[in-house]
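Me: I would like to learn how to read the features of a protein model one at a time. Could you take me through this one?

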Amino acid sequence: MASSSSFCLLAALLALLSWQAIASDPSPLQDFCVADMHSPVRVNGFACLNPMDVNADHFFKAAMLDTPRKTNKVGSNVTLINVMQIPGLNTLGVSIARIDYAPLGQNPPHTHPRATEILTVLEGTLYVGFVTSNPNNTLFTKELNKGDVFVFPEGLIHFQFNPNPHQPAVAIAALSSQNPGAITIANAVFGSKPPISDKVLAKAFQVEKGTIDWLQAQFWENNHY
């Protein structure tokens, strides 16, 4: 009986270790694995293009990340460069984004389900923060100035806000995934298609159903381009 229990414990530990080993972007087993966007093969990521067909353009994009972007109604614009724009990023576990903030603009609370983010302020000032998971839900915040760097741990809700009513702000973010994903909390909860039942949300947020109906009627605009 003891032997059986030990075996089960060992199997459980090995399963956990195996899960940790595959819980991020797949590691390259060769110099590169340029994404073959037209391959019918479905894998975690993208199948590899024949190395004989690879050229320098597969690792390049004239992204003009030095050019200001127009912001949306929440006052931000996220220009993400991931594997969809640069096929050579496949299996390399990294992407980058330029984020523009209007005066008093924000990149609203969101998560990246597959990536840690490290953000550098290029211009202006940003008030940033993230919230830890249940049960503590601790808020960590910091005001950043030009040249400052801040890290948002993988999967945690975080945000950035430009507190200056007169000047825009700009940041560059590096993310630890070729395809980090983004879930903007308000958009996901109140703008899902089809909508989440207003009864469910009214109970969850402890508000009247009419408040939920009003929120669901709003246009929840995406700020990722």
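Reply: Start with the names. Helices are DSSP runs of H or I with at least four residues, strands are runs of E with at least two, and the numbering goes from the N terminus. Note also that this is a predicted model.

Me: With those names, where does Q206 lie?

Reply: Q206 lies in the loop between α3 and α4, the latter covering residues 209-216. Its phi is positive, about 55 degrees, although Q206 is not a glycine.

Me: Is Q206 buried or exposed?

Reply: The cut-off for exposed is over 50% relative accessible area. Q206 has 63%, so it is exposed. L104 has 47% and is therefore partly exposed.

Me: Next, strands. Which strands pair with β4?

Reply: Two strands count as paired if DSSP finds at least two bridges between them. Strand β4 (residues 117-123) pairs with β7 (residues 149-152) in the antiparallel sense, over four bridges. One of the residues to look for is T120, whose bridge partner in β7 is V149. Strand β4 also runs antiparallel to β9 (residues 169-175), and six bridges join them. There, the bridge partner of E117 is L175.

Me: How do I read a nonpolar core?

Reply: In soluble globular proteins, nonpolar side chains tend to be buried together. In this model the largest nonpolar core has 19 residues, of which Y101, L119 and L126 touch the most other members. Strands β1 (76-81), β2, β4, β5, β7 and β9 each supply at least two residues of this core. The largest share, four residues, comes from β9.

Me: And aromatic rings: how many pairs are there?

Reply: Rings pair if their centres lie within 6.5 Å. By that rule there are six aromatic pairs. Take Y127 and F159: the ring centres are 5.7 Å apart and the planes are at 45 degrees, so the pair is tilted. Y127 is in strand β5 and F159 in strand β8 (residues 157-161), 32 residues apart, so that distant parts of the chain are linked.

Me: Which ring residues form a cluster?

Reply: F130, F140, F150 and F152 are linked into a cluster by ring pairs.

Me: Back to Y127 and F159. Are they buried or partly exposed?

Reply: Y127, with a relative accessible area of 31%, is partly exposed. F159, at 16%, is buried.

Me: Last, a helix. Which residues of α3 are buried?

Reply: D198, L201 and A202 are buried in α3. They cover an arc of only 100 degrees around the axis, which puts them on the same side of the helix. The face turned away from that buried side carries the exposed residues K199, K203 and A204.

Me: What covers the buried residues of α3?

Reply: The cover includes α2 and α4.

Me: What is found at the two ends of α3?

Reply: S197 caps the N-terminal end: a side-chain oxygen of S197 lies 3.2 Å from the backbone nitrogen of K199. After α3 comes Q206, the residue with the positive phi near 55 degrees. That brings us back to the loop between α3 and α4.

How values were computed: Residues numbered from 1 in each chain as written. Predicted model: local features only at pLDDT ≥ 70, side-chain atom pairs only at ≥ 80, totals over all residues. Heavy atoms only, no water. Buried < 20%, exposed > 50% of the residue type's maximum accessible area, 1.4 Å probe, protein only. Core = buried A, V, L, I, M, F, W, Y, C linked by side-chain atoms within 4.5 Å. Phe/Tyr/Trp six-rings, centres within 6.5 Å; stacked < 30°, edge-to-face > 60°. Arc of directions from axis to C-beta. Contact = heavy atoms within 4.5 Å. Polar contact = N/O pair within 3.5 Å; in protein donor to acceptor, adjacent residues only side chain to side chain.
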